[in-house]
Amino acid sequence: MRVEVARVSVKVLGGGDFPVRRIWCVGQNYRAHALEMGGDPDRAPPFFFQKPADAIVVDGGSVPYPPMTAALEHEIELVVAMGAADRIFGYAVGVDLTRRDLQAAARKAGRPWDMAKGFDHSAPCGAITPADVAGAMSAGAIWLQVNGVTRQSSDISQRIWNTADMIAELSRYVALFPGDLIFTGTPENVGKLERGDRLLGHIDGLSDLRVSIS
């Protein structure tokens, strides 16, 4: 029996929807976060992983606490939305949710991160601000609050690989198309989440992201 897969969209500020095709993520793209994860920011090239398109949770949504983990963690990120002809359509605030205990086990065993990163509801994403409104987004405060308390705080200028460099590097491996989202890495101080937590994500110049853990 054929099962139809629902198309997932993210709202665009000013009207309309952005149908999501694929979600790409960049690992350890802030020096301080790379160090807190045991990486080497001075030598490591960018590396990429995926989340399924239907992992999107839109602004105001609720994330069910995922099974098979006791260490769900938050990672606030700038999200790049790709348009036609390899141009950037816009930007959004996103959270890369991670089952950290599963990631640690997979890393130790030399196995893929799929179950740690690509699970259901693992990609909250706010409304997309078009690039002609947002500008270049090369700098600006990025922070995440949980229950009103700031957990992560940095500036997107602190990324090791900027947006243009990441797009160029990712394009060496895959063809990017309209509808692709790129989560561009998180600053330091990732941390655990519990049921009932309320998240507020912010990047200067973009629409805030609000989600809760249920």
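Predicted model: local features only at pLDDT ≥ 70, side-chain atom pairs only at ≥ 80, totals over all residues.
D155 is placed in strand 14, which covers residues 149–155. The structure holds 9 salt bridges, and 35 residues make up the largest nonpolar core.

**Surroundings of D155**

- D155 is partly exposed, its relative accessible area being 23%, and apart from residues up to four places away in sequence it touches Y30, A139, G140, A141 and I142.
- Although 14 residues separate D155 from A141 in sequence, their C-alpha atoms are 4.4 Å apart in space.
- The side chain of D155 reaches the backbone nitrogen of G140 at 3.0 Å, and the side chain of D155 also makes a polar contact, at 2.8 Å, with the side chain of S157.

**Helix 5**

- Within helix 5 (residues 163–171), the buried residues include T163, M166, I167, E169 and L170; viewed down the helix axis, the buried residues fall within an arc of 165°, so they line one face of the helix.
- The cover over these buried residues includes strand 3 (22–27), strand 4 (47–51), strand 8 (76–82), strand 9 (88–95) and strand 15 (180–183).
- At the N-terminal end, helix 5 is capped by N162, a side-chain oxygen of which lies 3.2 Å from the backbone nitrogen of A164.

**Nonpolar cores**

- In the largest nonpolar core, the residues that touch the most other members are Y91, M137, I182, L199, I203 and L206.
- Two or more residues of this core come from each of strand 3, strand 8, strand 9, helix 4 (131–134), strand 13 (141–146), helix 5, strand 17 (198–203) and strand 18 (209–213), and the largest share, 4 residues, is given by strand 8.
- Leaving aside residues up to four places away in sequence, I203 touches E77, L78, A92, V93, M137, A141, I142 and I156.

- An open sheet is formed by 5 strands in the order 6-18-17-13-14, with mixed pairing.
- Strand 6 (62–63) and strand 14 are at the edges with a single partner strand each, so one side of each is left without a neighbour in the sheet.
- Strand 6 and strand 18 run parallel and are joined by 2 bridges, and V63 stands opposite I213 in strand 18.

**Salt bridges**

- R22 and D180 form a salt bridge in which the closest N and O atoms are 3.5 Å apart; this pair links distant parts of the chain, with R22 in strand 3 and D180 in strand 15, 158 residues apart.
- D180 is buried, with a relative accessible area of 0%.
- E75 forms a salt bridge with K117, the closest N and O atoms being 3.3 Å apart; because E75 lies in the loop between strand 7 (72–74) and strand 8 while K117 lies in helix 3 (residues 114–117), the pair ties together parts that are 42 residues apart in sequence.
- Both partners of that pair are buried, E75 with a relative accessible area of 4% and K117 at 3% relative accessibility.
- The side chains of D96 and K117 also meet in a salt bridge, at 2.7 Å from N to O, which links the loop between strand 9 and strand 10 (98–99), where D96 lies, to K117 in helix 3, 21 residues apart.
- D96 is buried, as is K117, and salt bridges that share partners join K51, E73, E75, D96, R100 and K117 into one network.

Definitions and conventions: Residues numbered from 1 in each chain as written. Heavy atoms only, no water. Buried < 20%, exposed > 50% of the residue type's maximum accessible area, 1.4 Å probe, protein only. Contact = heavy atoms within 4.5 Å. Polar contact = N/O pair within 3.5 Å; in protein donor to acceptor, adjacent residues only side chain to side chain. Arc of directions from axis to C-beta. Core = buried A, V, L, I, M, F, W, Y, C linked by side-chain atoms within 4.5 Å. Pairing = 2+ DSSP bridges. Salt bridge = Lys/Arg side-chain N within 4 Å of Asp/Glu carboxyl O.
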